[in-house]
Amino acid sequence: MTKTLVFTDMDGTLLDHHTYSFEAAKPALTALEVQDIPVIPTTSKTFAELQPLRERIGLDGPFIIENGAAIFIPHGFFKQKPSGTVWIDGYWCKAFISNKNYWIKLLEKIGSEFEGKYKQFSKMSIAEIQECTGLDERSASLAAKRQFGEPVLWLGSDEEKQRFLNVVKDRGAFPLEGGRFIHISGNCDKGQALKWLASEYQKQHTTKVNTIALGDGKNDVAMLEAAHVPIRILSPVNPPPAVKKEEVYTSTLTGPEGWNEMLTQLLSL
């Protein structure tokens, strides 16, 4: 028997890019729950942000935070302690990179080279985070509680941005461009996290695993390429990301409407 696992980006994919609503995806979410198919948020969001969100959507399985920096697995999801994990805040946690202070120090070293060209997330006020993201005050304060990478809001030209990306890469970072921010962190991505969790599932349940991934941005490419079934969700603001795979599905609708459309079709929900 093959077990299906659904890995999904949040902003612009399961959540509407502008309103953060998941209303349109409810029929597919309900059908997946009935069929016991786990939906695994795989996001640039923080642990603190995802907790109320998972509760609101009704998801109680594992989740991947900060673009693949760490996976949190609730007690009971696996029969045994997953390999290489530590117990944090009521979850087994598998971390892939150093904490955020390491990346903040790296940015401090190059700050003078790019004066006024970007804003660091950790230096933004809650009001500034709200302005950049459209989040309400409570959500913005949860977004500020990052544990791993450091997002930067780029303000300079595209040419300068390319030079910035090269400089941080030379210093050992693996920058990742999301819908709004450039995420400065280590060698982790959503794809590595997907593979690790799928492999652990396969090992613990002695069953084949079929992975489906849904995303709308550049920071979803690694996840889409790592999955057996990659699904690009149409974005109202960005073109679909380029995915190096023979068979890639693309929704005709945007955000949660597209999410519902594609999973309903592909899994005959």
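Where is Trp259 found? I looked this up to start the notebook, and Trp259 sits in helix H9 (residues 255-266). Helices (H or I, at least four residues) and strands (E, at least two) are DSSP runs, numbered from the N terminus.

**Ground rules.** This is a predicted model, so I note that local features need pLDDT of at least 70, that side-chain atom pairs count only at pLDDT 80 or more, and that totals for chains, interfaces and linings use all residues. Residues are numbered from 1 along each chain as its sequence is written, and side-chain values use heavy atoms, leaving out hydrogens and water.

**Entry: Trp259.** Trp259 counts as buried, at 0% relative accessibility. The cut-offs are under 20% relative accessible area for buried, over 50% for exposed, and partly exposed in between (1.4 Å probe, protein chains only). Next I listed what Trp259 touches, leaving aside residues up to four places away in sequence: Val6, Thr8, Thr13, Leu14, Ala25, Ala28, Leu29, Leu32, Val39, Leu214 and Ile233. Contact here means heavy atoms within 4.5 Å. Val6 and Trp259 are 253 residues apart along the chain, and their C-alpha atoms are separated by 11 Å.

**Entry: H1 against H9.** The axes of H1 and H9 are 8 Å apart, and the two helices pack at an angle of about 40°. That makes H1 oblique to H9. Axes are lines fitted to C-alpha atoms, for helices over the stretch in contact, and angles run from 0 to 180 degrees between N-to-C directions. Angles under 35 degrees count as roughly parallel, over 145 as roughly antiparallel, 65 to 115 as roughly perpendicular and the rest as oblique. From H1, Pro27, Ala28, Leu29 and Leu32 meet Trp259, Asn260, Leu263 and Thr264 of H9. For the classes, Ala, Val, Leu, Ile, Met, Phe, Trp, Tyr, Cys and Pro count as nonpolar, Asp, Glu, Lys and Arg as charged, and the others, Gly among them, as polar.

**Entry: H3 against H6.** At what angle do the axes of H3 and H6 cross? Helix H3 (residues 100-110) and helix H6 (residues 158-170) cross at roughly 120°, and their axes come within 11 Å. H3 and H6 are therefore oblique to each other. I jotted down who makes the contact: Leu106, Leu107 and Ile110 from H3, and Phe164, Val167 and Val168 from H6. The contact of H3 with H6 has 6 nonpolar residues, no polar and no charged ones.

**Entry: aromatic pairs.** How many aromatic pairs does the structure hold? I get 18 aromatic pairs. Rings of Phe, Tyr and Trp (its six-membered ring) pair if their centres lie within 6.5 Å; planes under 30 degrees apart count as stacked, over 60 as edge-to-face and the rest as tilted. Phe47 and Phe72 have ring centres 4.7 Å apart and planes at 55°, so this pair is tilted. The pair links distant parts of the chain, with Phe47 in helix H2 (residues 47-57) and Phe72 in strand E4 (residues 70-74), 25 residues apart. Phe47 is buried at a relative accessible area of 12%, and Phe72 is buried at 1%.

I also looked at Trp154 and Phe164, a tilted pair at 5.1 Å centre to centre with 35° between the planes. Trp154 is in strand E8 (residues 150-154) and Phe164 in helix H6, so the pair ties together parts that are 10 residues apart in sequence. Both Trp154 and Phe164 are buried. One aromatic cluster is formed by Phe47, Phe63, Phe72 and Tyr91.

**Entry: H2.** Among the buried residues of H2 I noted Phe47, Leu50, Leu53 and Ile57, and also Glu49 and Arg54. The buried residues of H2 pack against several elements, including helix H1 (26-34), strand E3 (63-65) and helix H5 (137-143). Gly58 follows H2 and has a positive phi, near 90°.

**Entry: loop residues.** Asp89 has a positive phi near 50°, in a residue other than glycine. Asp89 is in the loop between strand E5 (86-88) and E6, and counts as exposed at 57% relative accessibility. Thr206, also not a glycine, has a positive phi near 40°. Thr206 lies in the loop between helix H7 (190-205) and strand E11 (208-215), and counts as exposed at 74% relative accessibility.
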